[in-house]
Amino acid sequence: MVENERLRQEMRRCEAELQELRAKPAAAPCAGCEHSQESAQLRDRLAQLQLEAAENKSLLSELNLEVQQKRDRLAEVELRLKDCLAEKAQEEERLSRRLRDSHETIASLRAQSPPIKYVIKTVEVESSKTKQALSESQTRNQQLQEQVAMQRQVLKEMEQQLQSSHQLTAQLRAQIAMYEAELERAHGQMLEEMQSLEEDKNRAIEEAFARAQVEMKAVHENLAGVRTNLLTLQPALRTLTQDYNSLKRQVRGFPLLLQEALRGVKAEIGQAIEEVNSNNQELLRKYRRELQLRKKCHNELVRLKGNIRVIARVRPVTKEDGEGPEATNAVTFDPDDDSIIHLLHKGKPVSFELDKVFSPRASQQDEVQALITSCIDGFNVCIFAYGQTGAGKTYTMEGTPENPGINQRALQLLFSEVQEKASDWQFTITVSAAEIYNEALRDLLGQEPQEKLEIRLCPDGSGQLYVPGLTEFRVQSVDDINKVFEFGHTNRTTEFTNLNEHSSRSHALLIVTVRGVDCSTGLRTTGKLNLVDLAGSERVGKSGAEGSRLREAQHINRSLSALGDVIAALRSRQGHVPFRNSKLTYLLQDSLSGDSKTLMVVQVSPVEKNTSETLYSLKFAERVRSVELGPGSRRAELGSWSSQEHLEWEPACQAPPAAARAHSAPGSGTSSRPGSIRRRLQPSA
């Protein structure tokens, strides 16, 4: 077998060399070369030898398979024979043991029988007293006889079993002899076949060796070149061996690779999911941006139509609201749309859409920027706060020094815009303050604040309204206006009620007039900014108003009701609008009749106990928002370029001195201010 294996290896090596020689491109053979013919003959002979070797291999494998099968059968027969012999020995031992026991029992019974018979014979002549013992002995004798019979029967059965076991033993011995003969015959056949196969193998090996020697003579002629090629192929062989080893390691680590691949696929799927989520977030962001753009376009369309812009502001919950269920928050906001506000009224949610909704932590600075620019451009602008008492209207309009309100922010933006245009324009800014208390118009900056004023039409036929005798101050900075605020605030009527410790009992108006002159073209513009702080609507039952407070509440509610009638008439486009039903609506006629750009700030309370007033305020705000006033008109006129007017206008482009004037007609008449106010304004002027 070792020699056979060596020859096989040598044959495989020769075949590999022959394959390499075949694969190697040979030089162009010469025509009719003897070596080529000899090589072809050798190839044919090698192919025949390979076929014969393959046949011998198949025959040898068949013989080896048959020998293996016979060996397996022989081993199986030997195992069965050993098992049968063991069973036979156990059965013989058991039968011999039972036979000995039976013989011992018979011997003991035979040894006991004569005394029993003798007793029987002797008892026959004894007295009746022993009859009972005799009967018992007879019964016992009968029992013993039955036992003897049973033992004889058992003995007979054991003898039969022993005979059958002898027969089975003889059969098994015959089978064993037959199996041994068959095994011997198979062994002889196997030896003969192995000997014949060995002879055939030796003969085939000798023939193949002889043929191989003949063929190797021709192969050795090209062996030198082949060896050279082998030397060059050794690195490639090492590379292939390394690749084979790496593939083997990869096959061993295939489960780990599969797990890694699964982890990679899971990671890719997770990444894809994250990408989808990010795309969804991007789409949501684009949707929100488009929503904001749509809202901006809608607001611009509303502005072009002249609608009153309505914004809402919710004041925070304070300690004055108390505790318990009535002090819970009933107002919520839409996180995706800052123009939606939700109110929970009597357990039912109600939604309102306004131009913008401010939370308790927001400011209104961005909303007044465009309006201030419009005022400087020559438009009438009106900003007024509406809501129930205690909702924070005065705080929103006036604010505090730390957190200024709309008034302060608007004026700061106004002066900031004026400063930016100071190189091309000359502006004159005047301010007035008034209040409507119990349907009486009073000047908060006048020498006699309790004096009642009237509203008149301008005599120039422009249709504009003015208040004769209303004090007007010329200001040049926010500090000047703050001093005017302080003086006017001291004259405003405020009282204590159950709903508000400092409840405004009147409607306050701050009127800022901006007159501008373009130094290059002579264009003159006049813009008016009305900042209105309405008194809060209130229920007498909640506020606990009595006496003069009750009369004030009635006048406040009546004027706000008149404002609602005006809004309803404007909304339904009626031919007659009842502006003159109240001093408030009559004074706001310019702001509500199409000549003004108007912003309404609705102040609402978020607590549960004020939901009825909040619901009414938001419904009123929606009605106001749907009113179309038409595009505002700009008050501008182009001045003449005559030499005299130019000389008169040229000093106006210089810094004018500060002065205080009172209206006797629009733009004409002057009056002196109280000395204390003049002294306070003089440093800033």
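This is a predicted model: local features need pLDDT of at least 70, side-chain atom pairs count only at pLDDT 80 or more; totals for chains, interfaces and linings use all residues.

Trainee: How many residues are in the largest nonpolar core?
Mentor: That core has 51 residues, and Val310, Leu441, Leu534, Leu592 and Met600 have the most contacts inside it.

Trainee: And which helix gives the most to this core?
Mentor: Helix 11, residues 548-571, with 7 residues.

Trainee: What does Leu592 touch?
Mentor: Skipping residues up to four places away in sequence, Leu592 touches Ile308, Leu563, Val566, Leu570, Phe579 and Leu629.
Mentor: There's also a second, separate core of 38 residues, with Leu414, Val431, Val475 and Phe487 among them.

Trainee: OK, switching to the surface. Which residues form the nonpolar patch there?
Mentor: Phe254, Leu257, Leu258 and Leu262, with about 380 Å² of accessible area together. Leu258 sits in helix 5, residues 254-305.

Trainee: Now the annotation. What does the UniProt "binding site" cover?
Mentor: The unreviewed UniProt entry puts it on Gly387, Gln388, Thr389, Gly390, Ala391, Gly392, Lys393 and Thr394.

Trainee: Where is Ala391 found?
Mentor: In the loop between strand 6 (380-387) and helix 7 (393-397). Gly392 is in the loop between strand 6 and helix 7 too.

Trainee: Buried or exposed, that Ala391?
Mentor: Buried, because its relative accessibility is 0%. Leaving out neighbours within four places in sequence, Ala391 contacts Arg315, Gln603, Val604 and Ser605.

Notes
Residues are numbered from 1 along each chain as its sequence is written. Side-chain values use heavy atoms; hydrogens and water are left out. A nonpolar core is a set of buried Ala, Val, Leu, Ile, Met, Phe, Trp, Tyr and Cys residues joined through side-chain atoms within 4.5 Å. Buried means under 20% relative accessible area, exposed over 50%, partly exposed in between (1.4 Å probe, protein chains only). Helices (H or I, at least four residues) and strands (E, at least two) are DSSP runs, numbered from the N terminus. Contact means heavy atoms within 4.5 Å. Patches are made of residues with over 30% relative accessible area and no salt bridge: like charges are joined within 9 Å, nonpolar side chains (Val, Leu, Ile, Met, Phe, Trp, Tyr) within 5 Å. Accessible areas come from the Shrake-Rupley method with a 1.4 Å probe; for residues, only the protein chains shown count as cover. A salt bridge is a side-chain nitrogen of Lys or Arg within 4 Å of a carboxyl oxygen of Asp or Glu. UniProt positions are given in the numbering used here, feature names are shortened, and annotations may be inferred rather than shown by experiment.
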